[in-house]
Amino acid sequence: MSDVTLTRAVVTRPVPALRLWRRVRPVLLSLIVPLLLLLGWHWAVAAGMTRLIPSPAEVAEYMVDFAVGGIWDDAFSATLHIHLLASASRVYGGFVLAALVAIPLGLLIGRNAFVRQLLDPFLQLMRPIPVTAWLPLSMILFGLGARSAFFLVFLGAFYPILLNTIFGVKNVEPRLFEAASMLGCRGNAQFFRVVLPAALPSIFTGLRLGLGLAWFVIVVGEMTGVPQGLGAVIMDGRTLSRTELVICGMIVIGIAGFLSDRVVVLLMNRLLRWSPSHHG
């Protein structure tokens, strides 16, 4: 083997390991903070700093029972899938409806000055009202149950999507319109070939925020008397003074929200391949 061939072999040999490290490194970094929090949590409980919070091991044991049963055999054993599916249906249903209403409305408000002057003051007046303030009214309008939760999730997701869509449309670079006109793209065609692509990054930001708030609001939404759902589990845990059940519900909501966000990010990266600055 010549010196050149040997040098090439030495140089190229670490490449697979380097690629593997580049893939594993973000995962390892993302685990540092959760592991530190778990260690701090375990230390605080072991040191007797609190008697009301169970240890991580106790929560993990109950999480297993919550998912598959066979340990405690109580009313919540092996019911995780039931509550998760109930909450997910309300979260995704309310989120999709919010997106279907907010995105076209945001595009219209951002592009049309008359519509903006007509609707923007009213929307800005309603926006600061917290979702929790709508809880009594939602129960009056929709009754106790899933419809009230669906409405509250819709409200929670609606404004982030709407405002980010408006922002994206209003901040399209004027030079893009000039360049499109020079290339023969005029009139309504500019909306689909200039405005919508340029506003997509902001729209996806609104979708991510809206979906995150939808999972946030589901706990409030399921305070309306629904028998199933992660929010209902958390409320039952609070009523029964079962802190481990509350923590399990929080963990499941966090994981479900994270995975939902990853799906939106994957879709965003696929649709925005032309934009190198947008990869979540």
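A residue counts as buried when its relative accessible area is under 20%. By that cut-off, E222 and R90 are both buried in this predicted model.

Their side chains also meet in a salt bridge, with 2.7 Å from N to O. E222 sits in the loop between α9 (189-221) and α10 (230-239), while R90 belongs to helix α4 (residues 80-111), so the bridge ties together parts that are 132 residues apart in sequence.

The structure holds 5 salt bridges. D261 takes part in one with R208, where the closest N and O atoms are 2.8 Å apart. D261 lies in helix α11 (residues 243-271) and R208 in helix α9, so this pair ties together parts that are 53 residues apart in sequence. D261 has a relative accessibility of 16%, so it counts as buried. R208 is partly exposed, at 28% relative accessible area.

D261 also forms a salt bridge with R262. Here the closest N and O atoms are 3.0 Å apart. R262 is partly exposed, with a relative accessible area of 30%. Elsewhere, salt bridges link D74, R242 and E244 in a network.

A patch on the surface is formed by L18, L20, W21, V24, V27, L28, L31, L35 and L38. Together these residues have about 790 Å² of accessible area. Take V27 as one of them. It is found in helix α2 (residues 15-46). Its relative accessible area is 46%, and V27 is therefore partly exposed. Patch residues need over 30% relative accessible area, and V27 has 46%.

Terms used. Residues numbered from 1 in each chain as written. Predicted model: local features only at pLDDT ≥ 70, side-chain atom pairs only at ≥ 80, totals over all residues. Heavy atoms only, no water. Patch = residues over 30% accessible without salt bridge, like charges linked within 9 Å, V, L, I, M, F, W, Y side chains within 5 Å. Areas by Shrake-Rupley, 256 points an atom, 1.4 Å probe, with all protein chains shown as cover. Salt bridge = Lys/Arg side-chain N within 4 Å of Asp/Glu carboxyl O. Helix = DSSP H or I, 4+ residues; strand = E, 2+ residues; numbered from the N terminus. Buried < 20%, exposed > 50% of the residue type's maximum accessible area, 1.4 Å probe, protein only.
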